[in-house]
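Grab a pencil and work through these exercises on the structure shown below. Each task comes with a step-by-step solution.

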Amino acid sequence: MKALFPGSFDPFTIGHEALVRRSLKMFDEIVVAVGDNKQKHTMFSLEERMAVVRAAFKDECRVKVDSYQDLTVDYCKKNDIQYIVRGVRNEVDFRYESDLARINSMLAPQVETIFLLPDKGTELISSSLVRELIQFGKDCSQFLPQGIVLPKH
């Protein structure tokens, strides 16, 4: 079985990494799909974001990295993926993600969304928090997968 872990990953954090590693206990393969939304202004380029994910899983052959521009469920249909894995840190995330999952279910009933809670210690980590720390020149290495160094911005 294959699952999709989609997101903008601007940047990819230890919270994301933990969810992918936990998902590997349930699925044979995880596709980390980095969204390329031209309307979204990201700090890191698509290539930089994909490179970070690849580096985080360089020793894990069951994790594939791809990019996409269309709807997540359309990506799933095109690539024969029946499961979407999403992290839910709090009530706000849950509300947004559950609404999205319901819409996705209407568009592609064959695709199921699975919610995972964050690992202890990662529930407060978000890409937006890490970006803000970067903008203020702070060291954010403790929030990134081990050995990952982000490009300077």
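Predicted model: local features only at pLDDT ≥ 70, side-chain atom pairs only at ≥ 80, totals over all residues.

Helices (H or I, at least four residues) and strands (E, at least two) are DSSP runs, numbered from the N terminus. Residues are numbered from 1 along each chain as its sequence is written.

**Exercise 1.** Work out the strand order of the open sheet.

*Solution.* Strands pair if DSSP finds at least two bridges between them. Five strands, paired in parallel, give the order β3-β2-β1-β4-β5. Next, look at the edges: β3 (63-68) and β5 (112-116) each have a single partner strand, so one side of each lacks a neighbour in the sheet.

**Exercise 2.** Find how β2 is joined to β3.

*Solution.* Start with β2 (residues 29-35): six bridges join this strand to β3, and the two run parallel.

**Exercise 3.** Track down the salt bridge between Asp99 and Arg95, and say how exposed each residue is.

*Solution.* A salt bridge puts a side-chain nitrogen of Lys or Arg within 4 Å of a carboxyl oxygen of Asp or Glu. Here the N to O distance is 3.6 Å. Both residues belong to helix α4, four residues apart, or about one turn of the helix. For exposure (buried under 20% relative accessible area, exposed over 50%, partly exposed in between; 1.4 Å probe, protein chains only), Asp99 is partly exposed at 33%, and Arg95 is exposed at 56%. Finally, widen the view: a network of salt bridges links Arg95, Asp99 and Arg102.

Terms used: Heavy atoms only, no water.
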